[in-house]
Amino acid sequence: MSFSIPERAQLKGPNFIRKVFERGIGVPGFISFGIGNPAAEAIPVAVIQDTIRHIIDTSALELLQYGPMQGDIKLAEQTIERLVMKRGMNREGQGLIISIGAGQLLGLMPRTFCEEGDEVFVDAYTFTSAINAIRNVGAKPRGIATDEDGMLPEALERAAKEGKGKYVYVIPNFQNPTGITMPLSRRKDIYEVCRAYDLMIFEDDPYGEIRFAGEDVPTFKSFDVDNRVFYAGSYSKTISAGLRVGFLFGPDKLINTMQSLKNNCDGQMPLITQRIVSVLLDTIDYDAQIQHVRDIYKKKCELMLDTFYKTGSHHVQLTRPTGGMFMWMTMPDYVDCDAFFEACMDHKVGIVPGAAFAADGVTDSHSFRLSYTVPSHEEIVKGMTILGELTKQFCKA
């Protein structure tokens with residue numbers, strides 16, 4: 001017996017991130033700059049352990065039952081209060097969904113709003129899970145050209161004029177994979193294009209509070225005057241990825257529609273993980289925890305850059321992130337990047353080819369994503385020294 005699997009349900013292209021991970025497993029001395037996980041030392045393990053014991057001791061039966069479909073009410077209020085007080089958002093007419101990480105929201109947005117054949121406008125290189133989530137409902141992620149400030153408004157407008165777009169997906173802070181932060185003027189230009197062509201904006205901001213250099217840039221949601229922005233955030237990067245607690249803040253009526261669809265398809269989140277986050281927000285200095293994460297990533301990012309500049313080819317370009325978890329390395333056009341990737345793997349250094357993040361399925365990218373969060377300082381120095389020496393061999397300078 002054979003069954004036909006719809007094209008929309010099939011992942012498109014090779015999974016380069018998994019490829020790097022699988023090839024590095026069990027290899028002694030392998031250093032991976034390909035894993036986009038938070039640093040182990042950034043997770044407040046002891047405090048979380050104490051919190052779990054406390055809530056089990058005091059609320060075990062409640063936590064072992066089904067929870068409310070809309071999520072933990074107190075956590076929702078704590079989250080909204082922080083968005084208003086710390087991120088400058090207006091709560092009037094807005095609602096909030098608590099989700100299984102921000103990743104669940106990547107699928108919920110196109111499931112709610114996209115018909116087959118609709119387009120979602122994304123950066124030419126963007127988060128792989130967002131690309132797949134759009135494709136898996138039969139919609140098309142359409143890559144929009146970018147520069148050092150992010151998505152180009154004029155390129156977005158050209159695409160929007162065709163009338164197939166439903167929304168813009170953007171990671172404005174410390175973008176995955178490039179590490180770029182979009183300045184305020186560019187955000188406002190993008191917003192005006194969306195107003196002109198009646199496009200919604202999905203603002204994915206899981207790294208937004210992990211800024212370790214420069215000044216905060218206002219979110220799209222903070223200047224959303226006509227209710228077209230959905231703001232997605234997460235506690236995964238600031239507290240614990242394994243707890244899988246994210247949220248979506250947006251126009252109340254549309255949030256209610258999304259919540260109903262989520263209820264029908266996914267059910268409720270585990271109450272225990274929500275309660276852990278809620279109690280932590282009440283009992284720890286959350287801003288101090290975020291600062292702890294920032295300090296760790298700042299040191300690792302600077303060490304990665306400094307080591308490469310001492311050892312690598314001056315023909316190679318690296319973005320200089322001001323926060324987040326990633327940077328983007330671009331090789332000269334004449335370099336055989338497939339051969340360079342294999343050379344890195346042969347020398348026990350894992351990096352992710354840019355093709356993994358190409359919205360339009362481009363396979364000849366001359367860029368690579370590097371993550372500085374997981375490796376130790378010693379591994380960063382060793383791995384980036386190897387990487388730098390290889391760039392000199394391939395760039396001949």
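**View 1. The second largest cavity has a volume of about 30 Å³.** This is a predicted model, where local features need pLDDT of at least 70, side-chain atom pairs count only at pLDDT 80 or more, and totals for chains, interfaces and linings use all residues. Residues are numbered from 1 along each chain as its sequence is written, and side-chain values use heavy atoms, with hydrogens and water left out. A cavity here is a set of points, on a 1 Å grid over the protein atoms alone, where a 1.4 Å probe fits but cannot get out; lining residues have an atom within 4 Å of a point. Points are joined across faces, edges and corners, and the volume is the space filled by probe spheres set on them. Around this cavity you'll find Leu-106, Met-109, Pro-110, Ala-130, Ile-134, Tyr-167, Tyr-169 and Phe-202. Two or more of the lining residues come from each of α4 (103–113), α5 (128–135) and β7 (165–170), and α4 gives the most, with three. Helices (H or I, at least four residues) and strands (E, at least two) are DSSP runs, numbered from the N terminus. By class, the lining has eight nonpolar, no polar and no charged residues.

**View 2. The largest cavity holds about 160 Å³ of space.** The count comes to two cavities of 30 Å³ or more. Here 16 residues form the lining, with Arg-87, Glu-209, Tyr-231, Ser-234 and Phe-247 nearest the centre. Helix α3 (73–87) and strand β9 (229–234) each supply at least two lining residues; α3 has the largest share, four residues.

**View 3. A seven-stranded open sheet runs β2-β10-β9-β8-β7-β3-β4, with mixed pairing.** Two strands pair if DSSP finds at least two bridges between them. At the edges sit β2 (94–100) and β4 (140–144), each pairing on one side only. Neighbouring strands of this sheet are turned by 20 degrees against each other on average, direction ignored. Look at β7 and β8 (residues 200–204): they run parallel and are joined by four bridges. Within that pair, Val-168 has Ile-201 of β8 as its bridge partner.

**View 4. A second open sheet has four strands, ordered β11-β12-β15-β14 and paired antiparallel.** Both β11 (317–318) and β14 (352–353) are edge strands with a single partner, so one side of each has no neighbour in the sheet. Five bridges tie β12 (residues 326–330) to β15 (residues 367–371), and Thr-330 stands opposite Ser-367 in β15. Helix α10 (residues 286–311) lies across β11, β12 and β15, at about 20 degrees to β12. Axes are lines fitted to C-alpha atoms, for helices over the stretch in contact, and angles run from 0 to 180 degrees between N-to-C directions.

**View 5. Lys-237 sits in the loop between β9 and β10 (245–251).** Despite being a lysine, Lys-237 counts as buried, at 18% relative accessibility. Buried means under 20% relative accessible area, exposed over 50%, and partly exposed in between (1.4 Å probe, protein chains only). Beyond its neighbours within four places in sequence, Lys-237 is in contact with Pro-38, Pro-206, Tyr-207, Ile-210, Val-293 and Met-325. Contact means heavy atoms within 4.5 Å.

**View 6. Gln-104 has its place in helix α4.** Gln-104 is buried too, at 13% relative accessibility. Leaving aside neighbours within four places in sequence, Gln-104 is in contact with Ser-99, Lys-262 and Asp-266.

How values were computed: On a 1 Å grid over the protein atoms alone, a cavity is a set of points where a 1.4 Å probe fits but cannot get out, and a pocket is an open set with protein on both sides within 12 Å along at least five of seven lines; lining residues have an atom within 4 Å of a point. Ala, Val, Leu, Ile, Met, Phe, Trp, Tyr, Cys and Pro count as nonpolar, Asp, Glu, Lys and Arg as charged, and the others, Gly among them, as polar.
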